[in-house]
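Thanks, everyone. Let's take a quick tour of one structure, starting with a charged pair and ending with a sheet.

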Amino acid sequence: MGFWFSADLWQLTLQATAALLFVSFGVYLPMRAGVLVLGAEGAMLFGCFGAIAAQVLTDGGALAGLLGAVAASTCASALFAAVAISGRVNPIVTGIALNFIAVGGTSVLTAVLFAGEGTIVTPSLEPLPRIELPIVESVPWLGDVVSGQTIVLYAAVLTTPLLALWLNRTRGGLTTRVVGSAPAVAVAAGRSPARTQWIALVVGGVFIGLGGAQLALASAAQFSPGMTNARGFIALALVLIAAQRPWLLLPLAITFAYFDTLGFNLQNIGLPTELSGVLPYVAIIAMLAVPSIARRFRPDAAAEAGGSRVVP
Amino acid sequence: MTSHSADPPVHVSAVGLAKSFGPVRALRRADLTVTAGRISALVGENGAGKSTLMQLISGDLSPDSGALDVSTRVGLVRQQLSTVDELSLLENIVFGAESAAGTGSLPRRLVGGINWRSHREGVRDLMARTGLVVPLAKPAAEVPVGVRQRVDILSALYRGARCLLLDEPTTYLTPREVDNLFEVMRDLAAGGMSVVFISHRLREVVQHCDEVNVLRRGESVLHLPAAPFELGQIGRAMTGGEDAAGDVADPVGAARPAAGAAGAPILDVGGRLWVRSGEIVGIAGVSGNGQNELLDTIAGLERDALHLPLTIDGRDVSRSSTRSRRAAGLRFIPESVKESGSAPTASITDNVISAVPPPSVRGRFGLLRRATADHLAQSLVERARVVASSTRQPASELSGGNLQRVAVARELGDGARVLLAHEPTRGVDFAGVALIHAQLREFTGRGGAVLLVTSDVDELLALSDRVHVIDRGRLSRSYERAQLTLGRLGELLGGLGHDAAAARPQEGP
Amino acid sequence: MIDARRVLTIVLVAVLGLAVVAVLLAALQGVDQVAPGFASFFAGIGGTDTALASTARTMTPILLIAVSASVSIRAGLFDVGQVGQYVIGGLAAATAGTVLPGPGVVVAIGSLLIGALAGGIWASAIGGLAVATRVQLVVLTLIANYFADGLARFITRTTLQDPDAHSIVATRMIPQDAWLPVLIPRTSLHLGFVIAIAVTVVVWAVVRYTVAGHRLTMYGRNPRFATLAGVDSRRYPLTVLLGSGSITGLAGAIEVFGVYHRFQDGTLGGPSSVAWTGLTAAILIPSGLLIMLPAAFFLAALTTGLAGVQRDIGITAGMGTLVQGVLIVIAAVALSRQTPRARTAGRPAPAPPPAREPAMSAVKEES
């Protein structure tokens with residue numbers, strides 16, 4: 001299987017998947033409620049910072065980190081909701097502002113809390129514990145890849161079907177979908193779009209926080225200024241591809257995470273390190289292109305694209 | 001709540017309702033009584049206050065003054081259907097009533113789970129009782145508009161409505177579907193329900209309703225408790241006695257004088273559809289049967305759709321851009337001028353010269369001659385009798401009718417040879433309709449050609465020289481106006497009838 | 001066109017910006033540090049000729065990028081890919097600068113044009129990708145910013161790397177006779193400042209007085225109406241992006257030829273790129289053009305002023321970014337609170353496209 005399927009590579013892929021998947025959920029839920037969360041990148045950065053800051057300040061270990069990440073990112077999402085939903089400011093503008101605030105705010109907070117700049121890493125920081133899965137653990141390859149991941153990965157994988165079920169089978173899910181595609185209909189039925197979108201954003205903030213915690217605490221626990229590295233924006237792209245199929249987020253996140261991880265490991269087979277800044281983006285563009293290429297080859301493409309054709 | 005011992009129960013009783021939105025008095029003094037077992041009509045021109053009255057009755061709004069007594073559950077079916085495209089029809093019907101049958105186990109209630117099985121049974125039962133049958137599993141986006149309307153009605157009934165308010169329900173229906181709809185309504189009324197039918201199409205009202213109420217400028221001006229109804233009387237009440245009402249009352253009566261000088265075709269689409277100089281050719285059909293695609297193709301907006309030879313004044317433009325088609329004399333009034341035929345935030349002047357200004361306002365070095373543009377706009381505003389304080393005013397401040405007049409006058413300006421007019425009078429008040437019709441006739445009078453696409457059969461028969469019928473993307477042969485009656489047109493609209501052979505088979509994509 | 005409301009907005013934002021700086025200073029350094037902090041702040045902006053020249057130099061790319069973003073916003077296209085266009089423009093110009101033969105003036109002019117074109121083509125290509133994939137332009141351009149950065153690093157490292165530079169990823173230096181001349185001796189202010197102002201005035205005049213400018217504005221107000229009038233809705237947005245992208249590309253080229261004299265990884269792109277600041281100006285005042293002059297000056301002053309504070313008192317460099325973010329929120333909330341009447345009369349404000357809409361659909365008026 002060699003390099004491309006090595007257990008190490010795939011183990012890291014799944015580790016990266018967990019963070020990306022939760023951020024995608026955090027973007028997906030509000031998207032179904034009709035809000036494009038352009039501030040996910042910023043919320044995730046706050047989440048990463050919260051994970052580290054909470055650990056250092058409370059000395060509470062990994063659990064404190066997890067809670068800190070969720071709290072920080074939820075606050076950021078609530079700020080987004082307050083400005084974009086309650087303040088009725090264009091969500092694109094709000095998102096860009098939130099990303100500025102996250103980059104600047106974490107930098108200022110680093111200076112205030114840790115009297116320094118840049119990366120925060122202290123020996124006392126505790127990474128998320130690794131969980132060994134019984135039975136799976138002893139399967140060759142699979143044991144190395146799937147077992148021994150953080151709780152966040154297992155939670156992310158379990159959340160995928162739960163999110164889909166919730167959207168399809170519950171009152172809240174139905175309301176969310178109606179608000180997202182026909183807010184006037186929701187209003188006519190006595191449901192408040194603003195309230196639904198607020199809830200979606202806040203719950204989304206919790207998801208994004210879990211993603212941030214995974215990013216900051218999965219391997220070497222640390223915070224560095226540019227660590228989210230566009231994952232919040234990538235999540236936006238994945239969510240737009242997934243559209244009305246939430247389960248699709250899982251394979252999409254794994255695919256992107258693979259190429260992301262691959263980029264950093266290509267130097268092992270003699271390719272330049274700088275490919276790590278190119279490969280993930282080529283991958284995401286290819287992933288974005290797949291649906292439109294598939295559309296072109298579908299027999300009913302014309303009908304889907306333009307309704308009925310006219311023959312005078 | 002008042003009870004009448006012997007009479008059928010009164011579902012809604014409204015006396016002297018008034019409602020204002022800021023300075024606008026939408027309703028001044030509206031009365032309405034809705035009785036179980038009856039189909040009442042509520043008619044009036046655009047802006048007469050029909051929708052406001054319905055929203056008061058349905059509880060969406062509350063009246064400023066007057067007495068309103070609603071004694072049963074009311075279901076409002078809006079003209080703008082409220083189906084959600086990405087939801088299945090079952091989800092659409094159940095949305096808003098999920099908890100009614102959705103009780104179940106504790107964990108399900110905790111997460112707000114919906115008991116889809118029991119809802120499906122309930123809706124199936126309702127469909128069987130009413131005869132309104134729809135494919136529950138399909139997404140709303142995949143079913144025709146008539147089915148979506150049934151979904152809205154089912155949705156109201158599923159919520160237990162005993163009084164149905166139908167706002168312009170026949171807009172998107174063929175005459176046969178209209179008959180079906182009224183059959184269902186008749187059954188529902190027989191079962192003790194009440195129905196209020198809101199329309200501006202008097203013919204349907206007269207045929208199908210038990211009583212008629214007329215609103216004009218927010219006031220109830222006429223109540224006819226029983227048939228027979230006289231169209232002229234209703235029309236006069238709607239318009240306030242203006243003579244033009246005769247047109248509404250019997251639009252089919254007077255055959256249009258045959259166009260004098262119908263000459264060579266100005267617009268020719270593959271030899272199957274053509275419009276000659278001085279001629280108005282109508283395309284009849286229910287909205288959504290390919291009218292948009294046909295017009296977009298002719299206008300050059302959708303160039304991949306078909307490759308038929310398309311000529312304007314004999315010049316082949318089938319491969320030309322929209323811009324060069326316009327240069328050749330093609331003009332287009334889109335279905336919704338507000339959405340596609342104007343820029344609301346731009347000034348009237350900018351709306352007159354559009355994004356591709358006419359040569360007269362283009363100066364040297366690519367400069368725009370603003371003063372000339374203002375003159376052009378000023379003269380157009382005067383000619384089309386547009387009510388505006390200044391041509392610098394944003395178009396959004398114009399009423400719908402005035403905006404439509406600006407669009408029509410703009411499109412019929414210099415160099416126009418053939419006009420594609422899609423629902424040119426939708427949403428326009430009575431006086432505006434007459435003015436726009438006059439503009440179209442004046443255009444053909446000076447040698448222009450008009451392709452008129454409208455779902456309003458009265459308008460179609462009043463204006464057209466020849467008529468094609470479009471159905472599911474297929475265009476029939478043309479019929480001379482003189483050969484057509486309303487009844488015949490209705491037959492043709494109801495699925496092309498025995499003329500299907502005349503239609504061409506559909507080409508592959 | 002400059003109207004009173006917008007000038008008022010700028011003044012309001014400037015005052016609020018200073019207030020935010022004061023609050024942050026008080027919170028981080030103590031109340032007693034506010035006064036000296038402000039002294040350093042203003043000294044950093046214009047205390048000396050050198051400081052003032054540095055502010056003007058900082059303002060140069062901010063102004064060009066603000067104008068560029070403003071043009072695409074005016075056409076209703078929410079292109080936030082300025083960082084990518086800036087990097088690609090800078091890389092292309094640096095490459096041309098080291099490769100083109102001939103006298104310095106010719107090399108400089110040729111390279112600036114190539115840089116501009118590269119930025120435009122990049123923007124247009126990303127726009128084309130948005131159309132093909134039906135993904136919102138705003139999402140794709142955000143991702144493209146990172147892609148451009150990675151791509152420029154990769155290309156530089158693998159093909160253009162200066163063999164003498166060991167610790168940095170950078171191209172070779174541009175010959176000195178092709179550098180943009182310094183305007184005031186012993187400062188860093190270069191000719192690019194004048195070019196930026198000239199471009200701003202020209203773009204303003206074109207938008208205001210020509211048929212092409214009218215078309216741009218009308219397309220932004222309602223693309224469907226413009227399409228019916230004969231604007232090709234498939235090509236036109238890409239043409240606009242080509243034009244606006246080349247203004248940002250030019251900014252990158254000017255920065256390379258006026259300041260760094262080579263393309264060096266991390267100088268143009270990244271999360272603290274000055275291109276984000278230019279975009280901020282365009283977001284604060286949607287579709288403004290001449291007003292970008294004071295707006296860009298203000299944002300440049302914020303940057304150099306805070307650099308002064310950082311030097312003297314020692315605050316973090318992230319503060320400038322934080323202040324920008326807070327300012328956008330304040331200004332956007334203030335603008336959205338205006339009466340509907342005032343909004344209809346003004347320029348179209350960018351509004352949120354719904355979550356799923358055709359990628360290049362233009363923005364609509366806020367409800």
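Start at R157(C). R157(C) is partly exposed, at a relative accessible area of 37%. For the cut-offs, buried means under 20% relative accessible area, exposed means over 50%, and partly exposed lies in between (1.4 Å probe, protein chains only).

Before going on, two ground rules. This is a predicted model, where local features need pLDDT of at least 70 and side-chain atom pairs count only at pLDDT 80 or more, while totals for chains, interfaces and linings use all residues. Residues are numbered from 1 along each chain as its sequence is written, chains are lettered from A and ligands numbered from 1 in the order in which they are written, and side-chain values use heavy atoms, with hydrogens and water left out.

Now, the partner. The side chain of R157(C) meets that of E274(A) in a salt bridge, 3.7 Å from N to O. By salt bridge I mean a side-chain nitrogen of Lys or Arg within 4 Å of a carboxyl oxygen of Asp or Glu. Why does this pair join two chains? Because R157(C) lies in helix α6 (residues 137-160) of chain C, and E274(A) in the loop between α11 (249-265) and α12 (279-297) of chain A. Helices (H or I, at least four residues) and strands (E, at least two) are DSSP runs, numbered from the N terminus. E274(A) is buried, at 12%.

Over all chains, the structure holds 24 salt bridges. D210(B) and R186(B) meet at 3.1 Å, N to O. That pair links distant parts of the chain, 24 residues apart. D210(B) sits in the loop between α8 (202-208) and β8 (211-216), and R186(B) in helix α7 (residues 175-190). Buried or partly exposed? D210(B) counts as buried, at 19% relative accessibility. R186(B) is partly exposed, at 34%.

Next, D350(B) and R370(B). Their closest N and O atoms are 3.3 Å apart in a salt bridge. Again distant parts are linked: D350(B) is in helix α14, R370(B) in helix α15 (residues 370-383), 20 residues apart. D350(B) is buried at 11%, and R370(B) is partly exposed at 38%. There is also a network of salt bridges, linking R29(B), D31(B) and E219(B).

On to where chain B meets chain C. How many residues does the contact take from each chain? It takes 32 from chain B and 23 from chain C, with contact meaning heavy atoms within 4.5 Å. The two chains bury about 2,400 Å² between them, 56% of it on carbon and sulfur atoms. Buried area is the accessible area (1.4 Å probe) that two parts lose on being put together, summed over both.

One salt bridge is counted between chain B and chain C. E339(B) and R224(C) form a salt bridge through their side chains, 4.0 Å from N to O. On the chain B side, α12 (322-327), α13 (337-340) and α14 (348-353) each supply at least two of the residues touching chain C.

Last, the sheet in chain B. Four strands form an open sheet in the order β11-β10-β13-β14, with antiparallel pairing. Two strands pair if DSSP finds at least two bridges between them. The edges are β11 (273-276) and β14 (315-316), each pairing on one side only. Strands β10 (residues 265-269) and β13 (residues 310-312) of chain B pair over three bridges. V269(B) stands opposite L310(B) in β13(B).
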